[in-house]
Amino acid sequence: MNTLKEITLTVENQQLIPADIAYHYTIIPKGIEDGVLVLYSKEEISKTISTEELELILGFPVKIEFLEADIINKTLSKYYRSDGKREVGSEFKLGGDFLENLIWDAKSTGSSDIHFEMFKDTARIRFRIDGKLIERYKVKKEDYAELVNKIKINSKLNITEKRLPQDGRINYKDFDIRVSVLPTLYGEKIVMRILGKDTSNLTIEKLGMSPDEEKIFLEAISASKGIILISGPTGSGKTTTLYATLKLLNKINCNILTIEDPIEYTMEGINQVQLKEEIGLTFSRALKTFLRQDPDIIMVGEIRDEKTAQMAIRASLTGHLVLSTIHTNSALGTISRLIDMGVPSFLIAETLKISVAQRLVRRLCNHCKVKADIKEKNPGNLLLGKLSYHYTPSGCDHCFHTGYKDRIAIYELIPLTNTIKNIIKSGDINSEKNLGIFKHHRLSEKALRLIKEGVTSIEEVYPILIEDKDDL
């Protein structure tokens, strides 16, 4: 038996065998040597493996080397990620449609995006899983153009246009894919965003708010008029929070209109409009038309400019509940951003019901996380005097040896109480005295709690902690 203690697979070797074949036969590709595909497997199943069958399936002469079972199992879990929940038809079919198989592979592994990238001599495909990009496939340079054209055809784009960006969409029964094509130095880069249609799991209770936060949020969205604003960077879960809120508010006696870019979930009973700036259908123009459609609730995908902000304020003043997102780093920053957009402080105080900021952080795997002293793991003295221990990622079969499993949202909520309204009207929200009032709302406080409870690691929430360093 081979005495190797660990297997490190290159992307090239990994894609020699599809995941379902690797799991079915319990084999790991070592590589191709002199035209022979060398495979690792468990010695105890040596009598059940047919090299002839493998050669027929894989199209190569096959040689098998044996390793200890735990090494094989660990490698399968690490490099051939599979959650055992593949939809019907999602299995890889050798000799079938590579693009179709690729999409189902991304869907079954819980990927949010697929990146196709061309460089001088190579091309690669990466998946974004739990917020992190991992390299999944290598593509031959000569095959990349054909793959790009196939994606363009499926998403109804112009295959002859290679100089300008293009946007398209591919529709499936249970999900859609938004396609973005960008011309780069060596070819076109494509990003495919997987958009789910299933809203059964979209509930306020599953967002990750604490009971107190959930109570505050529900009180704010129960208002008949005003603005609900959710802030955070791209990929922080803002859209999910918006849709969960809309699902709760979607009643037979309520007229809900949305303007979105893109429409990520389709919801029965809600009138959804796709933004089309190229023909003049902008957020602000849609909002103007919405006011003539007798709405009760309006959702604007994003407040990007002064005109949209002014229209949202106008809509809320005329008796409508407006929900939207805005790109700021904190709930307090949202208020400052509106002021910078030219919205008068007294109007913000009168119309804003709640300002919410959120982030998504990866959860530590409960099966392999390790408790440790802070000691040197305290960059910039961020946690000095706060915590004496923390938890670190390790890696096991349950988390595909990443140390993390799934993600959780953390929230920063500022409800517009009379005290906060008066602070906003005074125009002095950034004074030392007033900042102290907002301190207990900070995301960093929630991040520290998650570290202490062993939900996440210091590394995962470091960007949040560094933002609030001066207040810790």
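Helix α4, which spans residues 69-79, lies across β1, β2 and β3 and runs at about 115 degrees to β2. This arrangement belongs to a predicted model, and the description that follows refers to that model throughout.

The three strands form an open sheet with the order β1-β2-β3, in which the pairing is mixed. The edges of the sheet are taken by β1 (27-33) and β3 (62-67), each of which pairs on one side only, and from one strand to the next the twist averages 25 degrees. Strands of a sheet pair through backbone hydrogen bonds, in either a parallel or an antiparallel sense. In the present case, β1 and β2 pair in the antiparallel sense, with six bridges between the two strands; within this pairing, isoleucine 27 has serine 41 of β2 as its bridge partner.

Helix α3 likewise lies across β1, β2 and β3, and its direction is at about 120 degrees to β3. The loop that connects β2 (36-42) with α3 (51-58) contains serine 50.

Conventions
Residues numbered from 1 in each chain as written. Predicted model: local features only at pLDDT ≥ 70, side-chain atom pairs only at ≥ 80, totals over all residues. Heavy atoms only, no water. Helix = DSSP H or I, 4+ residues; strand = E, 2+ residues; numbered from the N terminus. Pairing = 2+ DSSP bridges. Axes fitted to C-alpha atoms, helices over the stretch in contact; angles between N-to-C directions. Contact = heavy atoms within 4.5 Å.
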